[in-house]
Amino acid sequence: MKKYTDFNYNDITQQYELCDELLRINRDKEAALGRRLRVCVETFGCQQNEADSERILGWAIRCGYEKCSSIEEADLIVYNTCAVREHAELRALSKTGQLKHLKEKNPELLIGLWGCMVAQEHRKNTIKFSYPYVDFVAGTNMLHRFPEILFDVVTNKRRRYYVDTEDYSIVEGSAVERDSNFRAWVSVMYGCNNFCTYCVVPYVRGRERSRSPKAILDEVRELAEKGYKEITLLGQNVNSYGKSLPEDERISFAELLEKICEIPGDFLVRFMTSHPKDASDELIEVMARNPKIARHFHLPMQSGSSEVLKAMNRHYDRERYFEVARKIKAAMPDITLTTDIIVGFPGETDEQFEDTISAIKEVEFDSIYAFIFSPRNGTPAAEMDDPITKEEKSARFSRLLEIESEVNANLGKRLVGREMRILVDSHPEEDGTSTGRNSGNKIIRFNTDKDYYGEYINVRVTSSEGASVYAEII
Ligand code: SAH
Ligand code: SF4
């Protein structure tokens, strides 16, 4: 990079200097075009990707682009991709394919693919050889290097591949453009060390590393001061937060939560995701005594069969899961307990699937997210014998979906007659209703002609129908 011979990509100040350079370059381009340059960022996958996209957008704005929501209008398009299941990858590839004609119309258009999918060598090569109109790809650990990557692409006019599976340093201070002014994501840790045999995350997001408590508390304090009402802490396995920190900084996730609750402000704290093997008594106690922590626990069970859990490398069995779920419910009777289930793990027998069904009945979840096993390149499960036919897996999946809707309906019924506070997240719609979410993250619909968007209101649940819950304002 021309005059940046002493460039240190992990120095955030230098990244901001490149923003200033890009800003100048882009202002000249805008003067020549007679209009603003625009950026469109689209997200695939999980909340962590949503949070990352807010950083990508923040950087792009800092480099002179204006946010837009249509790819047709954009001069810079970034797809932030997911790799957790094949379906997400195929969707991103198909949408990338559709960008070809936009590039033909506007040769100045820059296209970038970001995140988990392209952090895999074979997918990086797919892009390199089959999608020649993509200008750059970058892995999840490149977030703080966005200005450098864009500067490189813009000034050197060459395709770039920023995929590095070595340096997963945490660099604080990336720009951010948050999607909401009342709900915010705050990452507390990145990566994962668990290597569940089906999962690609450790390969595309690297080893587990925690942000310093100070950086997290400063960010939450700033959000609370700005009036944010809901803060969701993100990590693949939040219960192992802190383990990678130097000893003098090290605190547990439960301690971090307590410190966050001490920050003044009327806000609710959520967190995702807890691993059952690490869900501690300390965490459950801290939740129970802090009304600022949302009454929602997402505890992915994946399977109700101890044998399958072992093959998945989950480090807990059916009984241990029941024990944690029981403790959570005993400490917080009003908790909403939700879970993820994988159907059709290689070699899962009918009996083992029945174990999952019986476990779901035993635990009485409030909501279930079910997925059909998707073999992921490079993971151990992708190499396991899998005699189960697609048809069989689909039949099991359909049964789970039926159970899922029953389970959702049950939660709705249980809420009828109860009063609760909800955070409104929609403007009144044409039918005169609006929606909000309660502390358990359940969507509640109510009649209103007044706009309460972004505010807390109190409602009483009047009825439920299927997964939908209706309430009136009190
Ligand atoms: N860190 C979180 C999960 C991240 S992935 C945890 O451990 O719970 C989110 C969900 O996707 C997982 O809980 C799992 O149910 C599902 N999933 C992950 N890999 C999958 C695969 N290969 N096929 C199908 N579902 C998968
Ligand atoms: Fe994937 Fe398991 Fe890590 Fe969750 S805990 S991200 S499922 S490897």
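1. A crossing of two helices is left-handed if the near helix is turned anticlockwise from the far one by less than a right angle, and right-handed if clockwise. By that rule, the crossing of α1 and α6 is left-handed. The model is predicted: local features need pLDDT of at least 70, side-chain atom pairs count only at pLDDT 80 or more, and totals for chains, interfaces and linings use all residues. Residues are numbered from 1 along each chain as its sequence is written, chains are lettered from A and ligands numbered from 1 in the order in which they are written, and side-chain values use heavy atoms, with hydrogens and water left out.

2. Start with α6, residues 146–156. Helices (H or I, at least four residues) and strands (E, at least two) are DSSP runs, numbered from the N terminus. Buried means under 20% relative accessible area, exposed over 50%, and partly exposed in between (1.4 Å probe, protein chains only). The buried residues of α6 include Phe 146, Glu 148, Asp 152 and Val 154. They pack against α1 (12–33), α2 (47–62), β3 (76–81), β4 (110–115), β5 (136–138) and β6 (160–162). Just after α6, Lys 157 has a positive phi of about 45 degrees.

3. How do α1 and α6 cross, and within what distance do their axes come? The axes come within 9 Å and cross at roughly 40 degrees. That makes α1 oblique to α6. Axes are lines fitted to C-alpha atoms, for helices over the stretch in contact, and angles run from 0 to 180 degrees between N-to-C directions. Angles under 35 degrees count as roughly parallel, over 145 as roughly antiparallel, 65 to 115 as roughly perpendicular and the rest as oblique. On the α1 side, the contact includes Gln 15, Leu 18, Leu 22 and Lys 29. On the α6 side, Pro 147, Leu 150, Phe 151 and Val 154 are among them. Contact means heavy atoms within 4.5 Å. By class, this contact has 8 nonpolar, 2 polar and 3 charged residues. Ala, Val, Leu, Ile, Met, Phe, Trp, Tyr, Cys and Pro count as nonpolar, Asp, Glu, Lys and Arg as charged, and the others, Gly among them, as polar.

4. Now α8 (residues 213–225) and α9 (residues 253–262). Their axes come within 10 Å and cross at roughly 30 degrees. The two helices are therefore roughly parallel to each other. Their crossing is right-handed. Pro 213, Ile 216, Leu 217 and Val 220 of α8 meet Leu 256, Lys 259 and Ile 260 of α9. The contact has 6 nonpolar, no polar and 1 charged residues.

5. The axes of α12 and α13 (residues 350–363) come within 11 Å and cross at roughly 20 degrees. These helices are therefore roughly parallel too. The crossing of α12 and α13 is right-handed. Arg 318, Tyr 321, Phe 322, Ala 325 and Lys 329 of α12 touch Asp 355, Ser 358, Ala 359, Glu 362 and Val 363 of α13. This contact divides into 5 nonpolar, 1 polar and 4 charged residues.

6. Is Lys 124 buried or exposed? Lys 124 counts as buried, at 13% relative accessibility. It lies in α5, residues 121–130. Leaving out residues up to four places away in sequence, Lys 124 touches Val 118, Val 137, Tyr 161 and Val 163. Asp 278 is also buried, with a relative accessible area of 18%. This residue sits in the loop between β11 (268–272) and α10 (281–289). Beyond four places in sequence, Asp 278 contacts Asn 237, Asn 239, Ser 240 and Lys 243.

7. Check the backbone at these places. Most residues other than glycine have a negative phi, and most peptide bonds are trans. A cis peptide bond joins Met 272 and Thr 273, with omega about 0 degrees. Gln 302 has a positive phi, near 70 degrees. Gln 302 is buried, with a relative accessible area of 7%. His 315 has a positive phi of about 65 degrees. At 58% relative accessibility, His 315 counts as exposed.

8. Last, ligand 2. The residues around it include Cys 192, Phe 195, Tyr 198, Gln 236, His 275 and Arg 314. A residue is near a molecule if one of its heavy atoms lies within 4 Å of it. The shell divides into 7 nonpolar, 3 polar and 1 charged.
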